[in-house]
Amino acid sequence: MSIASDGALLQVEGLSVTFRSRDGDINALRDVSFGMAAGESLGVVGESGSGKSLTSAAIMGLLPANAVVSGSIRFMGRELLGAKESELRDLRGRRMSIISQNALTALNPVHTVGAQIIEAIRVHDDRPSRRELRDRALALLDLVGIPQPSSRIDNYPHEFSGGMRQRALIAMSVANEPDLIIADEPTTALDVTVQAQILDVLARIQERTRSSLMLITHDLGVVAGVADRVVVMYSGSIAEQADVDDLFHQTAHPYTRGLLACLPRLDARDRSTSLYRIPGFQPSPSDRPDGCTFHPRCDVAKPGLCDVDAPLLIEVGAGHIARCHLAVRHHPRPDGSDQ
Amino acid sequence: MSALLEVRDLVKEYPVRRGLLRREIGSVKAVNGVSLTLERGRTLGLVGETGCGKSTVGRCLVRLVEPTSGAVYLDGENLTEMSGRDLRAARRRIQLVFQDPYASLDPRQSVGAIIAEPLHLHHLERGNEQARIANLLDLVGLSQSVRDQYPHELSGGQRQRVGIARALALEPEVIVLDEPVSALDVSIQAGVLNLLEELQQRLDLAYLFISHDLSVVRHVSHEVAVMYLGRIVERVDADRLYSSPKHPYTKAMLSAVPVPDPRIERSRQRIVLEGDLPSPLDLPGGCAFRSRCWKQTDRCAIGPSLIDEQGHAVACHHPELE
């Protein structure tokens with residue numbers, strides 16, 4: 001089941017990714033479906049190995065060659081799975097672009113930052129003059145909050161701090177005003193004050209270009225501040241999907257509940273309470289348990305049900321689905337607030 | 001009575017060399033006059049961003065890094081002046097747990113051998129070693145079956161528990177925890193934090209908890225010290241730091257930490273700091289934070305000293321009111 005948004009920009013249906021290996025097939029991503037409307041911010045949350053980055057790689061058409069993909073990814077009305085590489089290349093960077101986690105390795109150390117931004121523009125548009133290209137690069141650096149862009153444009157990446165490199169990378173990603181920006185853990189390696197600057201830049205860009213943002217992160221705090229809707233992934237599947245308020249306040253899946261309960265919080269009252277601990281760890285994709293993949297770690301799992309039958313995604317509220325046998329329907333929010 | 005651990009005016013300078021002959025052209029003060037005290041059974045959180053010198057402080061305490069000047073007293077005895085047998089004996093009492101459980105365990109040693117190594121080095125528990133290893137595994141919540149396994153066979157959380165067991169082997173009184181949960185997934189992190197708290201209660205351990213994560217520090221600490229470019233800019237008990245920060249830097253940092261609740265997030269006022277951390281090679285004179293501070297005035301050209309008022313110490317000419 002999926003939630004199709006009206007005027008969907010992106011519609012992912014039954015996306016599965018399998019890696020062939022000597023020890024058999026590894027089903028890294030299983031039946032993932034979700035949609036994104038134009039201008040929307042979607043948070044994709046999960047721990048390492050949940051498949052969140054693989055989902056973005058599949059959308060960008062950047063999976064490794066040994067990956068077997070099935071399902072459907074429709075972007076602006078075009079099917080991306082099975083599309084020609086030339087067609088994808090035309091979309092990448094112009095219509096959709098990705099901001100990756102590691103800004104240090106994503107930039108080329110032997111070219112200036114300005115040259116790399118200009119290259120990002122020229123790949124899709126070779127008409128502008130050198131003067132125009134440079135002006136556009138300067139405007140982009142200004143947009144992402146680099147102080148005195150004209151004195152910085154000819155710097156090399158090593159002359160930039162970590163936060164500035166991430167901003168330069170964002171400038172390259174948004175150079176052609178893409179309709180979809182995928183940000184894969186864009187602030188994970190950064191300090192919290194720098195993270196605030198980067199999230200601020202992303203919000204400003206989104207406001208200006210009306211692009212959609214898919215924010216992939218393990219940080220539920222970042223999601224709470226940025227996303228309109230959230231997809232929670234666990235062991236290669238979607239565990240829960242909801243509007244941001246429902247996800248945090250009408251949480252339906254025990255895994256999501258566990259993730260929220262195990263977070264130390266800045267707004268906690270004191271240090272006396274111990275944190276909830278989700279026992280065990282996420283299974284490897286080659287060795288998933290029968291039934292619900294979360295049942296060995298779940299504190300409400302029912303023997304005879306959860307360890308036998310794999311649950312389907314069930315609708316628990318408007319636009320709110322959870323892959324759990326025990327999830328119950330919550331009441332709609334008549335006034336748009338909770339309960 | 002003196003504190004269990006007392007750090008006084010700790011300074012660590014690194015020479016800066018340039019050119020073919022590696023001539024010394026100056027120095028960087030990674031730690032610039034840090035003083036701390038830590039009592040038995042308590043946790044002092046040391047927070048700050050990349051490059052503020054917090055890890056260097058931790059390393060100076062166990063003399064993995066030799067401080068340039070200053071003193072570290074353990075029960076009144078100056079660790080920085082010790083050598084030979086005295087230092088060896090003192091080191092048993094203060095241990096370090098590293099951030100990266102993937103890099104800090106020898107991949108060629110079994111878990112049992114890793115935990116037993118400190119015992120060998122200090123010639124302890126001879127003849128009784130196996131029982132002691134079993135006991136340590138129990139203490140950190142690992143099953144006895146991991147004893148013969150190698151680090152690559154363990155998960156991140158299990159590895160960090162091995163690191164903690166190794167630190168506990170010598171029955172220390174102080175443990176310096178350098179970003180002990182930063183490399184772990186959140187569901188695993190909670191288990192390690194709970195374990196540290198249990199161990200503290202059972203063994204009356206004192207922790208210096210070094211972290212960049214303010215939510216984690218909030219959860220574990222009794223008292224918190226905030227570092228910026230080598231200095232402590234604010235120090236107070238954890239509740240007061242989070243409810244009424246006085247230093248503009250602390251205030252900005254706290255406002256930037258996301259809270260996992262969309263309603264709270266929508267209503268929060270975030271202070272977004274301008275610019276980047278200044279280079280430690282080229283620090284502004286006076287208050288090191290003034291180049292990014294919205295409250296800075298001419299007075300800030302003279303560096304403020306850390307002044308303690310009713311247990312709330314702050315180094316700022318224009319502190320927020322409590």
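**Domains, sheet and chain contact**

In chain B, the C-alpha centres of domain 1 and domain 2 are 30 Å apart. The bounds are 5–18 + 25–93 + 172–314 for domain 1 of chain B and 107–162 for domain 2; such bounds come from an automatic or database domain assignment.

Before I go on, the conventions. This is a predicted model, in which local features need pLDDT of at least 70 and side-chain atom pairs count only at pLDDT 80 or more, while totals for chains, interfaces and linings use all residues. Residues are numbered from 1 along each chain as its sequence is written, and chains are lettered from A and ligands numbered from 1 in the order in which they are written.

Helices here are DSSP runs of H or I with at least four residues, strands are runs of E with at least two, and both are numbered from the N terminus.

Eight strands form an open, mixed sheet in the order β6-β7-β8-β3-β9-β10-β12-β11. Strands count as paired if DSSP finds at least two bridges between them. β6 (94–97) and β11 (307–309) of chain B are at the edges with a single partner strand each, so one side of each has no neighbour in the sheet. β6(B) pairs with β7(B), residues 174–178, in the parallel sense over four bridges. In that pair, B:I94 is opposite B:V174.

Now the contact between the chains. Chain A gives 41 residues and chain B gives 39 residues. On the side of chain A that touches chain B, α8(A) supplies the largest share, six residues. By class, that side of chain A has 20 nonpolar, 11 polar and 10 charged residues. α8 of chain A also turns up in what covers the buried residues of α9(B), together with α7, β9, β10 and α8 of chain B. Those buried residues are B:P248, B:Y249, B:T250, B:A252, B:M253 and B:A256. Buried means 20 or more other C-beta atoms, placed from the backbone, within 10 Å of the residue's own.

α7(A) is largely enclosed by the rest of the structure, because 11 of its 12 residues are buried. The helix α7(A) reaches 17 Å from its first C-alpha to its last, close to the 16 Å expected; the expected span is 1.5 Å times one less than the number of residues.

What about β3(A), residues 41–45? Five of its five residues are buried, so it too is largely enclosed. A:S41, A:G43 and A:V45 lie on one side, A:L42 and A:V44 on the other. β3(A) runs parallel to β8(A) over five bridges and parallel to β9(A) over four. A:G43 has A:L215 as its bridge partner in β8(A) and stands opposite A:V230 in β9(A).

Notes:
Two residues are in contact if their C-beta atoms, placed from the backbone, lie within 7 Å. Ala, Val, Leu, Ile, Met, Phe, Trp, Tyr, Cys and Pro count as nonpolar, Asp, Glu, Lys and Arg as charged, and the others, Gly among them, as polar.
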